Amino acid sequence: MISEEEARSRILENVTPLPERTVPLATALNCFSARDVFARVSLPGFDNSAMDGYAVVASSCNKSRRLHVIGEQPAGRDRKLRISGGQAVRIFTGAPLPEGADAIVMQEDVTGEGEEIVVNVDVEPGDFVRRRGCDLAEGQIILARGERIRPATLALLASQGFADVIVGGKATAAIISTGDELVKPGEELQPGQIYDSNSALLSALLQRCGVSATAVEHCRDDRQSLRDAITRGIKNHVLVISGGVSVGQHDLVKEALRELGAKIEIWRVAVKPGKPFLFGNISECFVFGLPGNPVSAFVTFLQFVRPAILRMMGATNLDLPRVPAKLAVGLSNDGERPHYIRGKLEHGMFTPVGRQESHALLSLSQANALLRVGVGQSVNANEIVDIQIWD
Ligand code: AMP
Ligand code: MG
């Protein structure tokens with residue numbers, strides 16, 4: 001049995017980023033940038049008005065001053081107007097600032113219309129003017145290599161005129177849920193059977209990593225069926241197998257993998273829940289064998305499968321988001337493996353939820369965060385701890 005840290009670093013040593021691709025912005029959400037990207041144009045690209053109103057020369061605009069309106073500047077085409085003291089230009093949001101103007105007066109702060117207006121407020125230079133480059137300067141970095149592309153990232157790329165972006169590779173994955181006791185949701189249960197819930201769980205966790213499973217198979221605890229299912233699954237970059245990796249006589253996954261020529265890199269990791277975790281590869285496909293108990297499958301996916309997939313897709317930050325939180329109750333771990341406690345993080349407080357056994361699906365569904373309690377570690381109520389979150 002190896003430590004969690006060793007398992008994680010051995011996995012990450014083995015997986016390498018997939019070849020990068022150029023994709024249109026419309027399909028780049030949640031991909032990882034394969035390059036540092038720099039601004040091509042400054043934002044705003046020219047001095048412009050932040051309001052509908054009048055462009056003026058601030059120093060000539062004492063309160064109640066009457067101004068002569070010499071023209072109109074809408075957004076979209078620079079009419080190259082020019083003003084001097086005592087003059088104004090009717091202007092609209094986003095329109096280029098006329099030469100000579102240094103402030104905008106909101107239309108609400110002006111009386112009169114047409115050629116003569118009276119300004120009813122004090123005006124300072126720079127009022128409601130958006131200066132060229134005040135948001136972003138040309139050449140500034142706007143997206144770092146390995147960074148996840150979010151909605152606002154797409155907006156920023158579009159604002160620079162980029163129609164596409166170079167991102168990390170797209171990983172494909174298949175799921176096999178093993179177990180003679182499993183029945184597909186929607187079918188009828190016989191005594192002793194249970195519904196397969198891991199297929200739904202693992203498909204969703206993969207989706208959260210930006211991967212939609214190409215196949216989700218159920219397989220009986222039978223060598224030949226397993227070999228056949230694995231042979232189909234390894235056409236993907238990643239194969240996630242649930243159940244059958246423990247030490248029972250019906251746990252045949254490891255043997256089936258060996259018979260197919262797999263190199264088993266890791267089997268059994270000191271982590272609770274999740275000890276029987278397996279990692280290996282058959283030629284180009286990385287195989288993850290997760291324990292069948294749903295919470296174990298969940299925890300080992302987040303700790304070992306997720307970082308591997310993110311790495312393949314070109315991400316640099318492979319960790320779950322971490323936040324400090326106050327612990328609601330004291331906890332200690334006198335076992336021999338680090339323990340991931342499921343809990344609810346709410347208003348800065350982490351409260352363990354429900355039963356902590358590895359089959360306890362209801363408490364998992366109510367949790368949104370994990371607390372890792374190391375071997376021999378005790379944490380008191382109200383202590384600040386580091387929480388991993390996934391929602
Ligand atoms: P195993 O790892 O195959 O020994 O399974 C451990 C426990 O997880 C057993 O109680 C199984 O019935 C349960 N289990 C295995 N696979 C699934 C699954 N796909 N959905 C729900 N429970 C499962
Ligand atoms: Mg089983």
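Helix α6 gives the most to the lining of the largest pocket, with four residues. Helices and strands here are DSSP runs (H or I, at least four residues, for helices; E, at least two, for strands), numbered from the N terminus. α6 spans 294-312, and α3 spans 198-208; each supplies at least two residues of this lining. The model is predicted: local features need pLDDT of at least 70, side-chain atom pairs count only at pLDDT 80 or more, and totals for chains, interfaces and linings use all residues. Residues are numbered from 1 along each chain as its sequence is written, chains are lettered from A and ligands numbered from 1 in the order in which they are written, and side-chain values use heavy atoms, without hydrogens and water.

The largest pocket holds about 630 Å³ of space. Its lining counts 24 residues, and the closest to its centre are Arg 148, Arg 208, Arg 306, Leu 310 and Pro 321. A pocket is an open set of points, on a 1 Å grid over the protein atoms alone, where a 1.4 Å probe fits, with protein on both sides within 12 Å along at least five of seven lines; lining residues have an atom within 4 Å of a point. Grid points are joined across faces, edges and corners, and a volume is the space filled by probe spheres set on the points. By class, the lining has 12 nonpolar, five polar and seven charged residues. Ala, Val, Leu, Ile, Met, Phe, Trp, Tyr, Cys and Pro count as nonpolar, Asp, Glu, Lys and Arg as charged, and the others, Gly among them, as polar.

The second largest pocket has about 400 Å³ of space. It is also lined by 24 residues; Glu 181, Gly 243, Pro 291, Gly 292 and Asn 293 are the closest to its centre. β14, β16 and α6 each supply at least two lining residues. The lining comprises seven nonpolar, 13 polar and four charged residues.

Ligand 1 takes the space of this second largest pocket (more than half of its atoms lie within 2 Å of the grid points). Around the ligand stand 16 residues, each with a heavy atom within 4 Å. Four are nonpolar, nine polar and three charged.

Polar contacts are pairs of N or O atoms within 3.5 Å. A side-chain N or O atom of Glu 181 lies 2.5 Å from an oxygen atom of ligand 1. For a backbone N or O atom of Gly 292, the distance to a ligand oxygen atom is 2.8 Å.

How values were computed
A polar contact is a pair of N or O atoms within 3.5 Å; within protein, one must be able to donate a hydrogen and the other to accept it, and residues adjacent in sequence count only if both atoms are side-chain atoms.
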